[in-house]
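Please look through the structure shown here together with the text that follows it.

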Amino acid sequence: TVLEIPGHRLLVAEACSGINSMMAVMGFTLVLSFLRQRPWTVTALLLVFGTLFVLWSNTVRIAGGAYLKAQHDIDILSGAAHEWASVVLFCVSMLLVISCDELINLIREWMERRRIQNLIMSGEVIEETPEPVAVPPSVIEVQRPSRGMWILASFFALIGVGQVANASLNGGVAWWIWGSSVSHLPAAAVFSMPHELAGWTRLEDAEKFIAQPEIEGKSSQSWLYEKGDLKVILAVDFPFPGYHDLTLCYRNAGWTVADLRHLESEQAETYSRVELSRLSEHGFLCFSLINELNEWVEPPAKSTAGKLMKRVRHMGKPDWSAPSYQIQVWAQSFEPLSEQQKQDVRDLFLSARPIFARQFMEQLGGAR
């Protein structure tokens with residue numbers, strides 16, 4: 001989940017989110033084939049080449065970005081440079097699809113001419129194709145949009161106007177379009193946690209869990225706490241593009257999710273509680289993410305109806321693609337945790353979360 005280069009750490013999830021460009025290029029390819037009335041065989045071939053073009057462009061972006069960062073300290077995998085690099089590579093992918101379609105069309109025409117030449121050379125009779133008859137412009141039927149199409153177009157136009165208007169009331173249109181996915185937190189941001197917190201004691205200069213990449217992000221800070229015979233890690237990781245499902249990182253490390261619940265604190269703030277297992281080990285995790293609007297990010301809805309309702313509810317608000325900042329508490333043991341231990345871990349997490357949020361907003365406000 002993390003690319004390690006000298007002096008830097010690059011999140012794979014942040015650097016190679018090529019699924020968006022993949023879906024966009026596939027949609028563009030289908031529309032292009034429809035408008036040019038290509039047969040299904042050509043459409044399928046264009047989709048295959050479009051997939052290859054997207055894979056190539058994202059490989060160039062990731063490998064090139066890591067090389068530039070490692071060799072020349074040029075960052076094109078975050079911020080505005082990342083956005084523009086994505087736009088440029090997406091345009092290149094579309095141009096390659098158009099070029100591929102033209103090439104396929106030229107090959108088809110060439111094969112048709114060869115077929116006709118072979119028929120002529122074999123002596124077979126070919127019926128002459130009558131000359132096309134020019135139709136006066138006055139009798140050409142112009143297909144006008146129907147009333148239903150006008151109604152549908154007006155509906156989508158109103159949605160667009162509503163989004164722009166709503167965005168202007170939630171951070172500004174310019175920020176919503178250009179700055180929503182760019183982290184405004186200083187790279188040198190530092191967080192601190194108290195020595196005593198919710199009955200837990202912070203250990204100074206103590207060894208943390210070995211080989212624990214799940215608590216390391218592009219920028220990470222962590223603390224080791226102890227209560228009784230249980231030790232846990234409290235960590236903050238940032239930034240992430242929108243909601244970050246931390247369970248995927250643990251699954252990639254071999255953990256199996258036994259129980260996942262999305263809960264609310266007493267302040268009606270969302271957080272996730274997860275129980276995991278790996279061979280003879282047991283894990284207990286609490287995590288949540290906050291965005292730059294000082295809102296705790298809700299996990300995405302799984303059902304189509306839920307996704308639609310959430311989209312309507314947040315229409316025009318900039319937190320859709322805003323960067324998020326994660327806090328987690330992780331407990332790992334060879335023995336299953338008791339219910340009291342799980343409650344203690346939750347108490348530590350819920351006590352550390354407002355401290356992290358306050359320090360985050362203070363440093364974010366100073367940067368702006």
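What follows is a walk through a predicted model.

Leaving aside residues up to four places away in sequence, tyrosine 225 touches Met193, Pro194, His195, Leu197, Trp200, Thr201, Arg202, Leu230, Lys231, Val232, Leu234 and Leu348.

Next comes the empty space inside the model. Rolling a probe the size of a water molecule over the atoms shows where empty space is left. With a threshold of 30 Å³ or more, the count is 1 cavity. The space in the largest cavity is about 40 Å³. Its lining consists of Tyr243, Thr270, Tyr271, Ser272, Phe287, Ser288, Leu289, Val297 and Pro299. Strands β8 (270-278) and β9 (281-291) each supply at least two residues of that lining. By type, the lining residues of the largest cavity are 6 nonpolar and 3 polar, with no charged ones.

Charged side chains are the next topic. The model has 12 salt bridges. One of them joins aspartate 101 and arginine 38, whose closest N and O atoms are 3.0 Å apart. Because aspartate 101 lies in helix α4 and arginine 38 in the loop between α2 (19-35) and α3, this pair ties together parts that are 63 residues apart in sequence. Aspartate 101 is buried, with a relative accessible area of 1%.

A further salt bridge links arginine 273 with aspartate 259, with 3.2 Å between the closest N and O atoms. Here arginine 273 is in strand β8 and aspartate 259 in strand β7 (residues 256-264), so the pair ties together parts that are 14 residues apart in sequence. Arginine 273 is buried, at a relative accessible area of 4%. Salt bridges that share partners join Asp259, Arg261, Arg273, Glu275, Glu339 and Lys342 into one network.

Lysine 69 is buried, with a relative accessible area of 15%, whereas aspartate 73 is exposed at 51%. Aspartate 73 is placed in the loop between α3 (40-72) and α4 (79-121).

Aspartate 73 is not a glycine, yet has a positive phi of about 55°. Leucine 279, also not a glycine, has a positive phi of about 55°. Leucine 279 is found in the loop between β8 and β9, and is exposed, with a relative accessible area of 89%. The peptide bond between phenylalanine 238 and proline 239 is cis, with an omega of about -15°. Proline 239 lies in strand β6 (residues 230-241).

Methods. Residues numbered from 1 in each chain as written. Predicted model: local features only at pLDDT ≥ 70, side-chain atom pairs only at ≥ 80, totals over all residues. Heavy atoms only, no water. 1 Å grid on protein atoms, 1.4 Å probe; cavity = no way out; pocket = protein on both sides within 12 Å on 5 of 7 lines; lining within 4 Å. Points joined across faces, edges and corners; volume = space filled by probe spheres on them. Helix = DSSP H or I, 4+ residues; strand = E, 2+ residues; numbered from the N terminus. Nonpolar A, V, L, I, M, F, W, Y, C, P; charged D, E, K, R; others polar. Buried < 20%, exposed > 50% of the residue type's maximum accessible area, 1.4 Å probe, protein only. Contact = heavy atoms within 4.5 Å. Salt bridge = Lys/Arg side-chain N within 4 Å of Asp/Glu carboxyl O.
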